Amino acid sequence: MPLNGQTEWFNIDTKEQSHDKTLRQVINIVNPETNELVVVFRYSTFIVAHIYNQEGILINTFRTEVLPKYKNNYFGTTINGNSYTLFFQNDYGTKFSALTLNFDSSGFQFSNKLKIPLKAETLLGSFEYNSTVYLLSTVKKTSKLKLYQLNNHEEYTEDTFDFSHIELKTYNGFKTNLNRVLDGGYEIPDVSMINHGEPTSLEKVIQKNKLYIDGNKLMLTNDVDDISTTLITIDLETKNSQYHNFPKPSFSKKDHGIKSNSFVLDDRLYNMYVSKEKLDFSVFDINSKSLIKSFVITDTDSITFKNSPIILEGGDFQNYRELDKTKQFLKKVSNSNAGLSVYKNNGNYIVTLGCSETMTSSAFMTFYGGALGGIVVGISSSILTTTFLTYTKTKSTRIECLFDKDMTSIQAKIPENNFDIISKFIESQPKTKFAFKSIFKTNDSFILGYFDADLALYKYFIF
């Protein structure tokens, strides 16, 4: 439901520490069981950790004089009671360290070398499930995936999923393996982590590999070719896995400038196929593999299911202009990085179709002038900072569409979402720098956190 205002939650006074060293990094961690908030301030030579209850009242705080290796590249936290294990990695995703903060004892433990054997594997991404950090990798020259569950600073478990029984072929009909399909011919696969159900920029969805968490299911999609979409699902409780393949209904070798991509939400696969001649937006039921709805238009047709103009927009909501013709839209998308995103609002679906011309995210991390302080692109159920920043800074060409649950077009204005409201609040205060921004969810509310350097306060607002 759209939020109409904001209230100040609480502030953290950092004056006692900031006179000593410069603030380097702020990490916010939400405990989904208790709604407690852990805030970690990293300075040049030490860390200060705080834990607050859901009313914003301080429970405990302590300081550590040890900084973990790879400290700039934080990617997730495993929670066991009042022990929080923060994980870090090198720039290549091949080496890991961990720091465990115990708020019962006000103590810490750490490991600068987690012995995860990734020499013959390539890391696809990280995610959090049930307050535990996981790593997903692909085994080189095979059709095997490996799933690592990081339990604390020294213990992990692993599961292997073998898809060798699936006959995989290249675009030209040659036999291949899953590792080759996922890497797309590059050394490091380009994977985007999608926060399920949240507004997502086109910049985050143009990658050919995407990871989603929906309930207890991990889903990996691949659109390396324009003939079909590969979908792999892994049940994180039972460890059962499935392989699916969905066709691009309008694929034709005669088309020019073909681009395609997909998106997953609510057990549905949303597929977009674009060429200079046509656009096909199709929706499949993942469980039955049946086609729910398909919209196909040519370059001479009007886009009757769009609820916005054809928008061409630069970063930071600048350089806004509109295109008049479907042909212009198809040309733009087929010449760039095509993508689509979907989220729900009051039971309806908001779909964005188009392309992004810039890619600031990588398989591992995204920095915005240091604003994130080392937050890595992964899937978290509560921390939405990267998702928010790409949503508000993407350069894209797009149309926005509104559908009901049956994918029938609704002729109405696209409603504001929570990211839109937070962005307007930030824009309304041009004199505030909003350093070390963090966006997260707790108690069904959206929270904006930022550092006010002039007052040495870290502030939180509820939306």
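**Figure 1. Phe110, a partly exposed residue of strand β9.** At 37% relative accessibility, Phe110 counts as partly exposed (between 20% and 50% relative accessible area; buried is under 20%, exposed over 50%; 1.4 Å probe, protein chains only). Phe110 sits in β9, residues 107–111; strands here are DSSP E runs of at least two residues, helices are H or I runs of at least four, and both are numbered from the N terminus. Setting aside neighbours within four places in sequence, Phe110 is in contact with Val66, Ala98, Leu99 and His153, contact being heavy atoms within 4.5 Å. Asn240 lies 130 residues away from Phe110 in sequence and 33 Å away in space, C-alpha to C-alpha. A note for every panel: this is a predicted model, where local features need pLDDT of at least 70 and side-chain atom pairs count only at pLDDT 80 or more, while totals for chains, interfaces and linings use all residues. Residues are numbered from 1 along each chain as its sequence is written, and side-chain values use heavy atoms, with hydrogens and water left out.

**Figure 2. Phe305 and the largest nonpolar core.** This core has 40 residues, and Phe263, Tyr270, Phe281 and Phe305 have the most contacts inside it. A nonpolar core here is a set of buried Ala, Val, Leu, Ile, Met, Phe, Trp, Tyr and Cys residues joined through side-chain atoms within 4.5 Å. Not counting residues up to four places away in sequence, Phe305 touches Leu279, Phe295, Ile297, Leu353, Ile399, Cys401, Phe403 and Ser409. There's also a second, separate core of 22 residues, with Phe161, Val191, Leu211 and Ile234 among them.

Figure 3. His244 belongs to β20, residues 241–247. Beyond residues up to four places away in sequence, His244 touches Thr229, Thr230, Leu231 and Thr233, plus Ile286 and Lys289.

**Figure 4. Helix α5, largely enclosed.** Seven of the nine residues of α5 (residues 385–393) are buried, so the rest of the structure largely encloses this helix. The buried ones are Thr385, Thr386, Thr387, Phe388, Leu389, Thr390 and Thr392. What do they pack against? Their partners are α3 (202–205), α6 (418–427) and β30 (435–442).

Figure 5. Most residues other than glycine have a negative phi. With a relative accessible area of 14%, Phe436 is buried.

Figure 6. The protein has six helices and 32 strands. Its radius of gyration is 22 Å, close to the 23 Å from the globule rule for 463 residues, so the protein is as compact as a globular protein of that length; the radius is taken over C-alpha atoms, and the rule is 2.2 Å times the number of residues to the power 0.38. Along the principal axes, the C-alpha atoms fill a box of roughly 65 × 50 × 30 Å. Of the 463 residues, 57% count as buried. Among contacts with a separation of 6 or more, 52% come from residues 24 or more positions apart.
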